[in-house]
Amino acid sequence: MLARIMRKYKIGAMAIVPLFMFAFAHTAAAQGKAEEGQKIFDVNCAKCHGPDGSGDTPIGKAVGAKDLRAPEALKLTDAQIFTQIDQGKNNMPPFGGTLDKAKIEDLVAYVRVLGKKKAPAKKAG
Ligand code: HEC
């Protein structure tokens, strides 16, 4: 679809890239701050999810904390991550009572940063 529009209007890919980058920078700025999120994560979340989001901690393994860098986690929308932190799910406790909305948004931003860090390559299959 995009390729067809680009051909039709003779727009090069390089002309489109800065548009996306601008749109992304713009939305990111409107939301939580990942640096703040990291501090909150280390205090509240790392014991289960691990400082790297892997979930590879003794408690994390015991409760089945998910790898925040896994493909399923990357598919979650910001709103879904927010709700998960706010209300909890199964073995994950809700944080809505202890963390305010701004702090949860900072955490969402940080979960996104963790997600961008590559999980160790798994063997195919
Ligand atoms: C007591 C351990 C525990 C703590 C503390 C904890 N989590 Fe979780 N988390 C879990 C478990 C267990 C799941 C899997 C829930 C399920 O779907 O069954 C999970 C799932 C998630 C998911 C969804 C991942 C996916 O792929 O569905 C996100 C996002 C998440 N946690 C973020 C956080 C953040 C941010 C914090 C800190 C505010 C946090 N968690 C604290 C145990 C924990």
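This is a short tour of a predicted model, going from the ligand to a nonpolar core and then to a pair of packed helices. Residues are numbered from 1 along each chain as its sequence is written. Because the model is predicted, local features need pLDDT of at least 70 and side-chain atom pairs count only at pLDDT 80 or more, while totals for chains, interfaces and linings use all residues.

Select the ligand and the 26 residues around it, of which C45, C48, A73, N90 and M92 come nearest (near means a C-beta atom, placed from the backbone, within 6 Å). By class, this shell has 16 nonpolar, 6 polar and 4 charged residues. Among the helices that each supply at least two residues of the shell are helix 3 (34-44) and helix 8 (101-116) (helices are DSSP runs of H or I, at least four residues, numbered from the N terminus).

Next, select L107, V108, Y110 and V111, which touch the most other members of the largest nonpolar core, a set of 15 residues (buried Ala, Val, Leu, Ile, Met, Phe, Trp, Tyr and Cys joined through C-beta atoms within 7 Å, buried meaning 20 or more other C-beta atoms within 10 Å of the residue's own). Helix 8 gives the most to this core, with 7 residues.

Finally, show helix 3 with helix 8, which pack at an angle of about 95° with their axes 7 Å apart, so that helix 3 is roughly perpendicular to helix 8 (the word covers 65 to 115 degrees). The contact includes G37 and F41 of helix 3 and L107 and Y110 of helix 8 (C-beta atoms within 7 Å).

Terms used:
Nonpolar A, V, L, I, M, F, W, Y, C, P; charged D, E, K, R; others polar. Buried ≥ 20, exposed ≤ 12 C-beta atoms within 10 Å, placed from the backbone. Axes fitted to C-alpha atoms, helices over the stretch in contact; angles between N-to-C directions. Parallel < 35°, antiparallel > 145°, perpendicular 65-115°, else oblique. Contact = placed C-beta atoms within 7 Å.
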